Each structure stands twice: as structure tokens, then as C-alpha cells.
Protein chains: 2
Amino acid sequence: MNSPFSFIDANTDRYLKELSDLLAIPSVSTDPERVPDIKRCAEWLADHMRGIGLQNVQIMPTQGHPVVYADWLGAPGKPTVLIYGHYDVQPPEPLELWTSPPFQATVRGDDLFARGASDDKGQTFIHLKAVEAFITTQGALPVNVKFLIEGEEEIGSEHLEGFVRDHAAMLKADLVLISDSSMFAKGVPSICYGLRGLAYMQIDLVGPNRDLHSGSYGGSVLNPIQALSEIISRLHDKNGRVTIPGFYDDVRKLSAKERTAFKKLPWSDAKYARDLGLRRLYGEKGFTTLERLWARPTAECNGIWGGFTDEGAKTVLPSRVSAKISMRLVPDQSSSKAARLFERYVKAIAPKGVQVTVRSLHGGEPVITPIESSGVRAAIVALERGFGKKPLYQREGGSIPIVVQFKKLLKIDTVLLGFGLPDENAHAPDEFLHLPNFYGGIRTVAHFFEVLPETARP
Amino acid sequence: MNSPFSFIDANTDRYLKELSDLLAIPSVSTDPERVPDIKRCAEWLADHMRGIGLQNVQIMPTQGHPVVYADWLGAPGKPTVLIYGHYDVQPPEPLELWTSPPFQATVRGDDLFARGASDDKGQTFIHLKAVEAFITTQGALPVNVKFLIEGEEEIGSEHLEGFVRDHAAMLKADLVLISDSSMFAKGVPSICYGLRGLAYMQIDLVGPNRDLHSGSYGGSVLNPIQALSEIISRLHDKNGRVTIPGFYDDVRKLSAKERTAFKKLPWSDAKYARDLGLRRLYGEKGFTTLERLWARPTAECNGIWGGFTDEGAKTVLPSRVSAKISMRLVPDQSSSKAARLFERYVKAIAPKGVQVTVRSLHGGEPVITPIESSGVRAAIVALERGFGKKPLYQREGGSIPIVVQFKKLLKIDTVLLGFGLPDENAHAPDEFLHLPNFYGGIRTVAHFFEVLPETARP
């Protein structure tokens, strides 16, 4: 009986051909004309899943595009891994900026170019090939697996939460495994174990009951833009710390181990600033850039508007002004508490003479999968074996809503094994997948299946 | 020989009828379909001017709508008054909000309702009737007069400056007389002797070289909206004073006489705040509301925009943000110096980490016609005689660009004799002219002609 790893090494050319077939289907979820392609793509996947020995393969309707489900549950007593991915892709436009046609996968150098190559058909396919390698060579997997591949990720996963809630029993698992993100850098395999949450607020501020002529009235009433500017300028102190009382109360401190781990990542503040066209960076005193991005909460203005904003010089003293301000949150902050603290503070510091309304537009919780958890430990071993290199620990500054949903609805943590690269043009022309990451990813996931029962042992 | 004043009193019914004919012409300057009406209105005025004994009556073309000119220069050695007015009107829409048709002058109570009744056909007509009263009863005026009645005031007087420059010799005069504004309140005749100037600026602020994801980047770079808010919040101190160094250096102090005069005006801060829907007013410490509005300079935000401003919650950390900020200026400030001081200060206080550009969009000088000048003294006597009531002194918070242009191009001061009312719906449905002000205005202007040679005597 062959080893699954020799099988993988022997089949890379076929993998590339199969993935190219999958990438040829223009499953653009936002385009109503592509509904037949979405359907065709789901069917392609379902057929492929059946072909590699997965069971209970189903194309399950939603209010939008269908979910493709499959499982293999032949390892009783072993951990069950829920693998999430998506088969829909971003629109390819502008077409003229593609070097080769977006739905005709093309290898140049070590990269495979096509829409969806990295986000997320290529990374989803990695899991299928790891499963295939085991079933073909061993007749079995070391763990149980369930696949949940959706078709609406690029349009906001509108129906996913309902689907997960409705099928919670079917999706029951010990952890979620997702490959829909990037490793830290080319040649730097990494495991992402934390995401920030979000509390997205809007402030609406009203001064006089109508727009006034700034000549006839200017100097006698408080200008709402001035009032809002004062509020915004008081959200941070001179050390870059958010001034909202109680804001940091629930922030989990970075452990010494995490800080040391972040310092091992290849990083240059100078290069980062240069890439952004900035002469200097900014942030909370006492923390490195990566710590600020991943492990510290923020209050960030996303937009502001009020008064006259066209060309020219209209002399208006505006009645109202608004701003969108969002807080990125880290464990163990909660979005509802952050929203409450924000509203209380803004109302407390709002200058007299204006009416201020604070609304919460959106909230999402921060998540962390502790680096001591069995899933993260298995991923670390698997990455080292898959890429022949000790992986590094990282977090992400953004949020991945489905991770929060899985935590909320299924009560399980997610392991994020990203095999993309930070500059792989995920939503842009010339999207690509770095082929060493494709093959290394298949090996890594196979190792993950193998290692997980060990690390999961109590 | 009759007195011009008995003549005026005997002819009010005819005045009302004639004015109604003038108001029946829909001379809407902004509406291309009304060009024939504009022409007809200019011809009506020219005919009327000839009829009352004015000379050199001409309809003079401009690049836009024509100017109507006329003069009477039969008083050598006496002052020459240049009377400015406009025969174009605002559009009447929304028509359904008019109680009576906008171009069918209708008397209700003491008011004459029609588009242009107050702004400015009615007020311009006052001057013609005062001239007529003298020429008819005396065969002569006590002063020389020149009429400059334009047809583009409601669309920005685009061609007026060029016209005045091109005809400076023809328009030579000792002072300008304009009735295109309001008295302080019903039953409170007043003379406006000062206007504020303007320096209108734009700040453009750039942080990172592109819009960033506020999750992936938030906390590591200075947010441009936060930076701009800090700048704006530092334009005023806690006493409501503008903090720009040198800003107040050239501000002419209010004289004790002016402050006393302003205090005589009927004014209620509580009523003013209530009308604006405000619980409290705001402004520079140590000054009353009217002083703040008329005799103190300001820095006022007119507009601000940046980042995501639509519905919903887009997590962007914007690359750029802009604000329009204008300063109202008082004598003896200059708009170019104010612009320079503003730019220097904003650049000095701009946080490091953003690029700031400051542009001057528009400037206009403050003007004052000293209350000791012969024109203002004549107006005070004339108003008292015309309305049987001691008039009060006032200024205006806004600017009237043509006053600045006359000062700049013809080197003469303007006397603003407003016979409108503050709530006469000048640009709204149901515009009206208060008829006691119409008749009182004609008497006042006749007295002005009579008194001016006295006050003008060196």
C-alpha cells in the first residue's frame, strides 16, 4: 500500500489539470447571467467529490446559490473536521488587465493564473486532494471530514448563517478548517490563530434646524462640523490610545510567547510605510506594528460627510454632519459592550449646542483559537512537515464573519490554514496561486489529518 | 409748485399699479426660456425711465443679460449718486406653494405678493418714483443720479464686474446707493454700514496612498479623518476665539458708539436660538450675538467629506479627506492675508504622517461706510423723515460682492438702504413687499436726495 504522501508527489500534474478544469467554470456569484455556471460548478464539485470517495454528496439549495456538502465519517472515535470553502469567484473585470484569459488557467513560472486560483477554488481543491490521497492509498482517512463549500462568499455569504443554523446537527464537528487566506509571506508558512472583531458605529450630529448662510449666521452658533471634529479628535490620546472609558478593560494581554512569536516574523516597518506612501507610521505607544494590527483594538474613522462638498465655494453653515467610526476589537472584548461604551463616551464629550445620535450599524466578535489548542498544534506540525520549514504564528487584523458564526452556532474553533500569498491579486486581474503552495498545501492538509488525532488526544 | 412729498403721497395708488405691471414680467434670469421676458423687462424699465424724465436711457448689452442705464446730471456741483438695482428675479417654483400667482401682484393686508416684489423690482422702483417726484414737481433733482440696473444678480452677476470696469468713466459718482436688502425688523428702519469679507479655503489631506482595509491596516497608520478633525478642533479655543496666529491683528475695534447703537436694536437671543432649533448659542466670549455676527471675524466649516459615506458599514481606512473652511472678515482684515495666515497655521498644526494641501478658493474684502460719512449721515436723516422714526445702525454678517467691486473699481463707498423685511420670502414662495416700506422708501429716498448736498458739504 502506497503512502498518501508519495501518491501526492506522483500526481501533481493531474492535480493541476483537474484544478484548471474547475477554474474554467466562470462561477461569478454576483452576476445573474452566471447562474448556470454557478450550478455547473456545484455539479462539477459534487461529481469530483463522489469520484474521490466522499459520501453523502449533496447539492443543497439555499435562497441564493447552493451549498455543496459531502462527508466521510468512517473513523469513529476520531476527531471530525468541518472543512469550509467556496466555489464562487469575483468578477474578472477589467478583462483587458489580464495577461491571460481569466477562465483559462495558465502557468507562468511557478504560478497558476486564473480567477479563483487562490480565492478560493485552488485552496478548496487542496483539501479534496488531501482526502483523495488517503482514501485512494489507505481506503480510509485518519479523521472524519465534512465539506461545506458555499457559492456566495464573494457576495457576503448572505444565506450561510441560516444554512449553518438549520443544519447544525449535520455540520457537528470538533473544529473547522479553512483555507481561504494567505500565509505571512512567500516561503513563510504561518498559522493564523486570531481575528479581530468589529463594532461599526455612526454618529449623526445636528446643530441648527436648517442649513444657514455662513455670512448671516457665522459666529453665533456652534458649527456641527467643528463639534464633530472635537469629538473625533478626543477619541485618541497623544499616545495613540483610545480614550473611551473602559475600552481596554476586557482586552486579553499578549502573552510573552505571542510577542516573541510575532517578533520572529520577517517584517520591516520601513518597507511597510514605504509601500503605503507614508513617511512615518502611527499607533498605540508600547506596541509593535504587528501587535497594533493583530492584538490591539482600534477606533477608526471610515467616513465623514456634511455641508457643501462639491466644487467651488458655497457659504453654508451646515445643519448636520455624520461620521462612520468603527472599532476593531480583540479578545475578550464584545462588540455590544464596545458599542455601548462608545455611545456613552461620545454623548458625554459632545459639545453643548448640538444634538448627537449614535447608532450601531454592525457588530462582530473577535475570535482566537489558542495556540495551545489541538487544532493549532496539529497545524503547526503539519505545516512544518508539508513545507519543510518551521511555521510562524500570526493573527489577522480583519474579521472573517463565518469564523464568528461557526463559533456562535456550532460552538467550535476554526483553524485558518492559508495557502495564498499576500499579493496574489485575489480580487484583481491576474489572480494567481503559487504552485509550491498548492502542492505544499495538499501535503500539509494530509499531515494535518494524520497529526490531529494525536494532538486531540486528551 | 408742488412739493415732491405731497406728490408722492398723492400718487401711491398709481405707484402700486405701475409696480404690478413691472412684476407681471417673469424676468427669471436663470431660465433660458425667459430670455424674451428679460428683454421685455429691460425695455419696460427703459421706457419707464424715459417717461419720468431720466436721460441717456440705454439698454446696454453684456455677454449675458443686458444692463439698463439712465442718468440725470442737471445739478452740476452737487453730489452724484450711482443707484444700483436688478430687474431679474428668482424662479417662482414650487408654484403650488404660492397663495396667489407669482407674476400676478396681489395685495393682502399691507403686503404686495409677487416674485420680485421685494427682491429687487420693488426696491429698485422706489428709486425711480423718488426721481419722478422731483422731476415732475421741481423740474430737477437736488443731486445728480445714474442708474445701473442689471439682469443677472440672481445668477451671480457674472458680467457686472467687467461692465463696471469697462464703463468706469460713465459710472463715476460720489457714492453708490443700493436698496436690495432688509431693514432690521418691521417698523425698525435701519441703515447698514458694514459688510463682512470672506476668505474661502480648502484643505486636502492625504494619508496612505490608497484606501486601506480598516481591519488589515487599522491601528498602524494615522487616519486622515482623525488628523483633519484635530486640525479643525484646533481652529478655535475654549472661548470661541479663532486660534490662527495674527488673525485678529487687523480687526478694527468696535467703537463705544457702535456697541451702544447695536444694543438699541430690538433683539432676543432666546428668540433667535428658538428659531434655529437650538438650546444655546455659541460664539466669541466678550461679544453679543450681533457683535459676533457683524463685527467679529469667524472661521467656519462649510463642508467636509472623506471615506465611505453611503448607507451601511464599509470598513475602509480612507486615503484622503477634504474640508472647506471659510473665514468671515471684518475691517481692516484682508482676505489674502487671512488666507496666508490660515495656510501657515494649518500646515504648522497638521499632525505628522499626513500630507496637507491648503488652497484659497475665493476671497472678498470686508467693507465699511463709516457712520460719520456724508452718505450714512444723509441716510439717517432721510430714514427718520421718511418713516417718522429714528433709524438704527446695523451691519450685515454676509458679503455683497458688488459693494466690494464698486469700492475696488470706482473707489466709492456704498450706502445700503434696505426696505425689505427679514422674512419677506425673497427666494421662496409668497415673496412680498410690505407696502408701508414701499411708500416710506420712496419718501426716504426723496429725502436722501434732498439732504445729501447738505451732509456732503465739506
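In chain A, helix α13 (residues 374–387) and helix α15 (residues 435–456) have axes that come within 7 Å and cross at roughly 140°. This is a predicted model, so keep that in mind. Angles over 145 degrees would count as roughly antiparallel. The angle here is roughly 140°, and α13(A) and α15(A) are therefore oblique to each other. Their crossing is right-handed. Which residues of α13(A) and α15(A) make the contact? From α13(A), they include A:Ser374, A:Arg377, A:Ala378 and A:Phe387. From α15(A), they include A:Gly440, A:His447, A:Phe448 and A:Ala456.

Now chain B. The axes of α13 (residues 374–387) and α15 (residues 435–456) of chain B come within 7 Å and cross at roughly 140°. So α13(B) and α15(B) are oblique to each other. The crossing of this pair is right-handed. Among the contact residues are B:Val381 and B:Leu383 of α13(B), and B:Arg443 and B:Val451 of α15(B).

Next, the two chains together. How many residues of chain B are in contact with chain A? The count is 64 residues of chain B, touching 64 residues of chain A. Helices α7 (214–217), α8 (224–233) and α11 (289–294) of chain B are among the elements that give two or more residues to that side. So are strands β11 (300–307), β12 (316–317), β13 (320–329) and β14 (355–364) of chain B, as part of that list. The largest share comes from β11(B), with 8 residues.

Stay in chain B and find helix α3 (residues 35–51). At 1.5 Å a residue, its 17 residues should span 24 Å, and its end C-alpha atoms are 24 Å apart, so the two agree. Which residues of α3(B) are buried? They are B:Ile38, B:Cys41, B:Ala42, B:Leu45 and B:Met49. Those residues cover an arc of only 95° around the axis, so they sit on the same side of α3(B). On the other side, B:Pro36, B:Asp47 and B:Gly51 are exposed. What covers the buried residues includes β1 (55–60), β2 (67–72), α4 (121–138) and β6 (144–150) of chain B. Just after α3(B), B:Gly53 takes a positive phi of about 100°.

One loop residue in chain B: B:Ser268. Find it between α9 (256–263) and α10 (269–275) of chain B. Is B:Ser268 buried or exposed? It is exposed, because 12 or fewer counts as exposed and B:Ser268 has 10 other C-beta atoms within 10 Å.

Most residues other than glycine have a negative phi, and most peptide bonds are trans. A cis peptide bond joins A:Asp119 and A:Asp120, with omega about 5°. A:Asp120 is in the loop between β5 (111–113) and α4 (121–138) of chain A. The bond from A:Pro331 to A:Asp332 is cis too, with omega near 5°. A:Asp332 lies in the loop between β13 (320–329) and α12 (335–349) of chain A.

Now phi. A:Asn56 has a positive phi near 50°. It sits in strand β1 (residues 55–60) of chain A, and it is partly exposed, with 13 other C-beta atoms within 10 Å. A:Asn425 has a positive phi of about 60°. It is in the loop between β17 (414–416) and β18 (432–434) of chain A. With 17 C-beta neighbours inside 10 Å, A:Asn425 counts as partly exposed.

Conventions
Residues numbered from 1 in each chain as written. Chains lettered and ligands numbered in written order. Predicted model: local features only at pLDDT ≥ 70, side-chain atom pairs only at ≥ 80, totals over all residues. Helix = DSSP H or I, 4+ residues; strand = E, 2+ residues; numbered from the N terminus. Expected span 1.5 Å × (residues − 1). Buried ≥ 20, exposed ≤ 12 C-beta atoms within 10 Å, placed from the backbone. Arc of directions from axis to C-beta. Contact = placed C-beta atoms within 7 Å. Axes fitted to C-alpha atoms, helices over the stretch in contact; angles between N-to-C directions. Parallel < 35°, antiparallel > 145°, perpendicular 65-115°, else oblique. Left-handed = near helix turned anticlockwise from the far one by under 90°.
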